[in-house]
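Biologist: I have not seen this one before. Can you walk me through a few spots in it?

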Amino acid sequence: MKTVVFGGCGSERFAKLLAKRIKASYAPVRTSYFPDGELLLRLPADVRGKHAVLVYSFQPYPGEVLLEALIAIGAAKQQGAKKVTLVAPYLGFMRQDKQFHAGEAVSNSIVARLLSSADMLVTMDPHLHRIKSLNRIFSTKTTTLTANQTLADHLRRNHSDKMVVGPDEESSQWAASVAKLAGLPSIVLKKKRYTATKVRIIVKSKIPLKGKHVVIVDDIISTGHTMIEPIKQLKKLGVKSITCIGVHGVFAGNALQDLKKLAMVETTNTIHNPVARIDVTKAFAETLR
Ligand code: R5P
């Protein structure tokens, strides 16, 4: 079956790289707006009898991306695609995975149900902190990839003299795993979150950190506070240099500028941003071949 890869809003680079890796044709999804503001979407390549791969990373405007992805999935089906796969390098709406306050929507399962209109979903390191698998909320087939091996290779090549730090217990599935794969020492800190922008990180002073070079590894860097707080404390404890590595560089507001003042910052290219230096398209290509 022939495959056509479509680059959705904000994900064109990733989609192009992916298409090249799997030797498929590439086309950007075309969108415009009717005078009343409604979205008009066009798939500029024939999908009849083919495998349509739609690439949508849920940034920088998650709500718009969601709507565009849903309409694109529907369009590919209407136009006779034999199979429709949604590649979501960064799958948004997964963090609201419980009702934290009365009346709140549990968005992850609502969005999962909508996106299950695709025949398959492929994503990387989704925010699965309270549920174990995407199969719990998606009714379509899902493939969950991890950037861990790619990050470990990156650490081995570029940060082989450093200690890996996980900023909170949840980050252990990235920080500790990546450190183990790379053969580097690691520690995981404790975090208490008060609000979306206020967190407190606890570093046990017993850990000898003076003079060390450190890499903080986490899945998502959003407001950057989960990185900024440990940076401040690690510096007080005499750490010599700090690099922050995130799988998904969301960088809400001024997060990237603020972080860059304190440390070196690197992310994978699941979300297009100025520090997205670590290419993870190979892992996606392997599942689509
Ligand atoms: C939290 O559960 C995640 O793993 C990240 O630590 C969090 O999303 C980072 O958010 P922020 O950059 O806003 O502190």
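Biologist: Which strand does Val265 lie in?
Modeller: Val265 is part of strand S15, residues 264-268. Bear in mind that this is a predicted model.

Biologist: Buried or exposed, that Val265?
Modeller: Val265 is buried, because its relative accessibility is 3% and buried means under 20%.

Biologist: What does Val265 touch?
Modeller: Leaving aside residues up to four places away in sequence, Val265 touches Ile221, Cys244, Phe251, Leu256, Leu259, Lys260, Val275 and Arg277.

Biologist: And how far is His159 from Val265?
Modeller: C-alpha to C-alpha, the two are 13 Å apart in space, and 106 residues apart in sequence.

Biologist: New topic. How many aromatic pairs are there?
Modeller: The structure has two aromatic pairs. One of them is Phe14 with Phe284: the ring centres are 5.3 Å apart and the planes are at 90 degrees, so the pair is edge-to-face.

Biologist: Where do Phe14 and Phe284 lie?
Modeller: Phe14 is in helix H1, residues 12-21, and Phe284 is in helix H8, residues 281-288, so this pair ties together parts that are 270 residues apart in sequence. Both Phe14 and Phe284 are buried.

Biologist: What about Phe58 and Phe93?
Modeller: Their ring centres are 6.3 Å apart with the planes at 90 degrees, so that pair is edge-to-face. Phe58 is in the loop between strand S5 (51-55) and H2, while Phe93 is in the loop between strand S6 (83-88) and H3. The two residues are 35 apart and link distant parts of the chain.

Biologist: How accessible are Phe58 and Phe93?
Modeller: Phe58 is at 0% relative accessibility and counts as buried. Phe93 has a relative accessible area of 29%, so Phe93 is partly exposed.

Biologist: What sits over the ring of Tyr194?
Modeller: The charged end of Lys198 does, 4.9 Å from the ring centre.

Biologist: Back to H2 and H3. At what angle do their axes cross?
Modeller: Helix H2 (residues 62-78) and helix H3 (residues 107-115) have axes that cross at roughly 25 degrees and come within 10 Å. That makes H2 roughly parallel to H3, because angles under 35 degrees count as roughly parallel.

Biologist: Which residues meet there?
Modeller: From H2, Leu66, Leu70 and Ile73 meet Val111, Leu114 and Leu115 of H3. By class, the contact has six nonpolar residues, no polar and no charged ones.

Terms used: Residues numbered from 1 in each chain as written. Predicted model: local features only at pLDDT ≥ 70, side-chain atom pairs only at ≥ 80, totals over all residues. Heavy atoms only, no water. Axes fitted to C-alpha atoms, helices over the stretch in contact; angles between N-to-C directions. Helix = DSSP H or I, 4+ residues; strand = E, 2+ residues; numbered from the N terminus. Parallel < 35°, antiparallel > 145°, perpendicular 65-115°, else oblique. Contact = heavy atoms within 4.5 Å. Nonpolar A, V, L, I, M, F, W, Y, C, P; charged D, E, K, R; others polar. Phe/Tyr/Trp six-rings, centres within 6.5 Å; stacked < 30°, edge-to-face > 60°. Buried < 20%, exposed > 50% of the residue type's maximum accessible area, 1.4 Å probe, protein only. Lys NZ or Arg CZ within 6 Å of the ring centre and 35° of its normal.
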